[in-house]
Amino acid sequence: MKNQEILHDEDESFASASRIKYFDMVIESGEGAILKDVEGNEYIDLLASASSTNTGHSHPHVVEAISEQAKKLIQYTPAYFANLPAAQLAKRLTDLAPIDGPAELSWGNSGSDANDALIKFARGYTGRQDVVSFTGAYHGSTYGSMSASGVSLNMNRKMGPLMSGFYKVPFPSPWYRESYETEDEFVDRMFEEFKLPFDTYLPADEVAVILIEPIQGDGGIVKAPEKYLKKVYKFAHEHGILFAIDEVNQGMGRTGKWWSIQQFDGIYPDLMTVGKSLASGLPLSAVIGKKEIIESLDAPANVYTTAGNPVTTAAAMATIDVIEDEHLLERSERLGVKSKVFFDRMKEKYNFVGDVRMYGLDGGIDIVDPKTGKSDVKVATKLIYRMFELGVIMITVRGNVLRFQPPLVITEEQLEKAFDVIDQAMDDEANGRI
Ligand code: PLP
């Protein structure tokens, strides 16, 4: 069958079922960093299914764990009885989590519901209602996680009202820094802006939690300045507010550390969420937190029948094995350095390449109008479509930022090939061929 036949069939039943966002491609299989469509075309995947397949597509060890577990037991809800892989994973994951002191967790099926759970536990434990989160953040698609999200999505307006008790403060993205400001001046100004609501209409002792992606994903792959995050962390502690992080996109080795918060010194969240690559893309997530916080709500405070299912938790155990055995943290770090060198070279070569940010294999490359330095969504879009034609999958976030999040198992040869394609696409743009 052809891609077009599936995507544009007469009654549109296929197409409406799979809502095509970017490219006319129907994926049939994947191996490592390579995707194959139904026509046999191959692509190098620099997106890793939105950072949910850090171990690569269909990693043999993960596949084996899934099939072995499926033969033994596909499902029994952890709401009533423990199952072996879920119990083993709970121990392993709470040990890995950067929580200070004993930790506990609660399972979910997606990053979105894990963030809802985080809000439930924060409110339940503190007895306070308000939630502070950041502009540009994406925390998910359920009502709680949407309410905490700061990306201005049209859908939020149409589906409102969202939940009450949610407040946004500006994320200190580099594009908000004035040209005359030093890094310290910028941090101080952004922290003053952070405090503004607390100084005016939002009593700190009514705030349950501050939730942040230490490195924003959909916000443009952008890291909060360390000094800024430390100030926010200190502020939270001083006011009895829980400090929580969303590691759904940036966790599981993406940035060269298990968790993106480990890019910062001495910050230990009270609560955190993890999902996406946790089970190499199978639906599994968790909110992990200090034991007393998770245990403060009586069951069934946060129960979904299939969450913590034996097959998904067995896949997560295998995922952690692969990350450890194949040294994927070091690999992410090393290939990230190489990728930064490449994109910096592109910045030298093409005047529409702006700021290049890279944290392990986690990159954001701004595409800008060379005359104004402002976002150029049109050129960014043209570039990713040209890359697709040439066999490389990349998408944009925030309109003009190339999102670089390949599977951590990508080979050096595949990476080099992808770089050649990116260079070619940029050259086509520079010379008016696209
Ligand atoms: N949190 C972050 C940082 C994300 O990037 C996402 C998804 O893109 C989510 C939460 C929501 O996860 P899910 O799509 O699995 O519900």
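Student: How many bridges join strand β2 to strand β3, and do they run parallel or antiparallel?
Tutor: This is a predicted model, in which local features need pLDDT of at least 70, side-chain atom pairs count only at pLDDT 80 or more, and totals for chains, interfaces and linings use all residues. Residues are numbered from 1 along each chain as its sequence is written. Strands are DSSP runs of E with at least two residues, and helices are runs of H or I with at least four, numbered from the N terminus; two strands pair if DSSP finds at least two bridges between them. Between β2 (residues 34-37) and β3 (residues 42-45) there are three bridges, and the strands run antiparallel.

Student: Which residue in β3 is the bridge partner of Leu35?
Tutor: Strands of a sheet pair through backbone hydrogen bonds. For Leu35, the bridge partner in β3 is Tyr43.

Student: Which strands are the edge strands of the open sheet?
Tutor: Four strands form this open sheet, with mixed pairing, in the order β1-β2-β3-β15. An edge strand here pairs on one side only, and the two are β1 (27-31) and β15 (392-393).

Student: How many of the 16 residues of α12 are buried?
Tutor: A residue is buried if 20 or more other C-beta atoms, placed from the backbone, lie within 10 Å of its own. Among the residues of α12 that qualify are Pro310, Met317 and Ile323. Helix α12 is largely enclosed by the rest of the structure because its buried residues number twelve.

Student: Which helices do the buried residues of α12 pack against?
Tutor: Two residues are in contact if their C-beta atoms, placed from the backbone, lie within 7 Å. The buried residues of α12 pack against α4 (60-72), α5 (84-96) and α13 (328-349).
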